[in-house]
Amino acid sequence: MFVLQTYGISFFVRCKKVQDDIWKMEGWMDIKLTEEMSIMEKLGILSDAAKYDVACTSSGVDRKGDGKGIGNSVAGGICHSFSADGRCISLLKILFTNECIYDCKYCINRKSNDVPRASFTPDEVCDLTMQFYRRNYIEGLFLSSGILYSPNYTMELIYQTIFKLRNEHHFQGYIHVKAIPGADPVLIQKVGMIVDRMSINLELPTAEGLRQLAPNKIRKNILGPMKQIQMGISENKNELMVYRNAPKFVPAGQSTQMIIGATPESDFQIMTIAENLYQKFDLKRVFYSAFVHVNDDKDLPALPGGPPLLREHRLYQADFLLRFYGFTTDELLSESKPNFNVLLDPKCDWALRHLDIFPVEINRADYQLLLRIPGIGVKSAQRIVRARKNGNLNFEDLKKIGVILKRALYFITCNYKMMYQTKIEEDYIVRNLLTVKEKLPLQVGDLSYSQLSLFNDSNYNGNTNQIQLFQELKAGVM
Amino acid sequence: MISPYGKRIDQYILICQDSIEGVFSAIYDAYAEKYDAQTTRIQTSEDDNYRLFATYVQMEPDQEKTRKVARTVLREFGEETYTDICRALASEDADKADAVYHAICSGLKMKNKCELMGNLANDDVRHVFELSRYAGREIMHMNGFLRFQELEGGVLFSKIGPRNNIITFLAPHFSDRLPLENFVIYDEVRQLFVIHPAGKQWTLVTGEYLDEDRVLKFSDREKEYQELFTFFCQKIAIKERINFNLQRSMLPLHYREYMVEFKIS
């Protein structure tokens, strides 16, 4: 490494193929230039580089301030703003550095990319967090990082920053930190004691995909720390039972994210993996991130229609069905039907395949069954269970409670009467559901004859019959 | 007045102050003076048109009566209902006092009183529930969307213009969050101030006037942090996923008037 010390703050610039013959460092060299870079420029580069991380939630831990520092935390999380893409801005989401020794093909910060590089100093991160926090711009800090020199070195830098924030600035707000795969377990343990949430990105759903697109990362190195954090949390719970004031280890739990659409996995595979993560690793959340094409690489799929947002949407819907509605992956998808329906949400799709159990009597059905009715969510189901203690409910009451009747009416009875005379028949219900201008995600609107017949794309996996119906309806409308 | 069918058709309309204290005192008096709940209304403002067969009674707020009603509500219905009622009374709705009064009346007749707010088939309860949800949502939003600006002496100042009278619900959250800061939250619509001196309890100040041009001098670094945050908000958006409709439904335009990241462009 060639070090030039000229001004004050140091940062690194990688120059591609400059004087290869002189410094034979894999065709690369690091010039440690010390040049004044304003905090504004750094924030620009490092938030730009962090924006593809989806886990921006600030939820999972309820903590009052102790009156001596600054900050508290609310279990439900607080959204402080929304960016132009409609995603919430809750945490100051930045990378510590976008320097990286890895060359993951999908990542904008891979080492073979010629992008401006910058690094924060721990003091700069602390200052930004504190000043943003007291103005109520943010709920806390989300700190991730490219891998500088080695995983351990990077993790240590992150630890120092968080330590400073917690102990010198007495910051008691929310902190979410990415664990760097391959970092020493001791470091992960140390970081876990002072942050609220940790996450390790699974990056790609399968080990095969990881080998293909992230050659420097090994699945073992990702699942290892995940297991460690899980064990740490459960051990800590036992400690807390005995010693109420014992320090808490990752109190808001851990999460992970995977990229959807960069590798050819089916929805069924992805959901099976997510289900396993929830069951075996006790994850709080699995995030799905529609693949955004930022690098041109022969191993990456071309996505002319933009990121697969509809697929991401369906995966999130199914994810919520797993976590809050008591569904299992096997019920939603199978080997023979590996992808979600484009036109209908997974719950509606499930209901249409199980018409034998419908219609359901609202005043009798148990909570679990209520949850399975399309148009009834967790909140409405809870309200129904509470409200019917005081007498039978009718359709008018259901409407007031917040049930979406235009969807639910085909599947329910009140006092053993249906709302209208409707048939319990798949085609009939689909036709009616699609005419009420169900709020369809953007991409469905683009369905056209040619696309369907030419591409047998996994994205457009509707029941052929349903798609025909949809097109007839669309033609009729226009 | 008695109708030919033997039913009372005259109404009593109790007018009370627009505050939790005013409404609770009116509810106390309605019970103490044995008004019939079916023919009695409680209103926080007078009607534009007076009704012919109605008797209007002016109510005075009273601390002792308020405390008694609050105690009864807490004891009989539990904390959840009490919070819901307080939130509903913070909302801007002409019928809020009446809805709360009748919800309490029907609640006291129920067998399982803590289930009052679950009885959504009852119109009054539902009305209270909806008002409470409306105000509650705004409280939740304001906890996030409120912005402080640093004045010259280091005091944090925030101006808000909420639709419901929620400033007293915001104060506990922020004084827990920023215990060592001097801050002021100013409700522009209702001319209310919450003042929190560092390390002390917050207080509500009413009846003061704020001369913004004279008093508000921002600190040197304030502008810099506002620009940094605005820049951050722009950078964090993924341009392949731009969706302004989604942004607008998550963050309605009326909040943006007071938010620094939408001011500078």
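**Chain B and its two domains**

In this predicted model, chain B is divided into domain 1, residues 11–138, and domain 2, residues 143–262. Taken over C-alpha atoms, the centres of domain 1 and domain 2 of chain B are separated by 32 Å. Where they touch, domain 1 of chain B gives six residues and domain 2 of chain B gives six residues. On the side of domain 1 of chain B that touches domain 2 of chain B, helix α5 of chain B (residues 123–145) supplies the largest share, three residues. By class, that side of domain 1 of chain B has three nonpolar, one polar and two charged residues.

Next comes the sheet. Five strands of chain B form an open sheet with mixed pairing, in the order β4-β5-β6-β7-β8. Its edge strands are β4 (149–150) and β8 (203–206) of chain B, each of which pairs on one side only. In general, strands of a sheet pair through backbone hydrogen bonds, either parallel or antiparallel. Strand β7 of chain B (residues 192–196) runs antiparallel to β8(B), and four bridges join the two. As an example from this pair, Phe193(B) has Val205(B) in β8(B) as its bridge partner.

A helix accompanies these strands. Helix α6 of chain B (residues 167–177) lies across β6 (183–187), β7 and β8 of chain B. The angle between α6(B) and β6(B) is about 165°.

Finally, chain B also meets chain A: 40 residues of chain B are in contact with 45 residues of chain A.

Notes: Residues are numbered from 1 along each chain as its sequence is written. Chains are lettered from A and ligands numbered from 1 in the order in which they are written. This is a predicted model: local features need pLDDT of at least 70, side-chain atom pairs count only at pLDDT 80 or more; totals for chains, interfaces and linings use all residues. Two residues are in contact if their C-beta atoms, placed from the backbone, lie within 7 Å. Two strands pair if DSSP finds at least two bridges between them. Axes are lines fitted to C-alpha atoms, for helices over the stretch in contact, and angles run from 0 to 180 degrees between N-to-C directions. Domain bounds come from an automatic or database domain assignment. Ala, Val, Leu, Ile, Met, Phe, Trp, Tyr, Cys and Pro count as nonpolar, Asp, Glu, Lys and Arg as charged, and the others, Gly among them, as polar.
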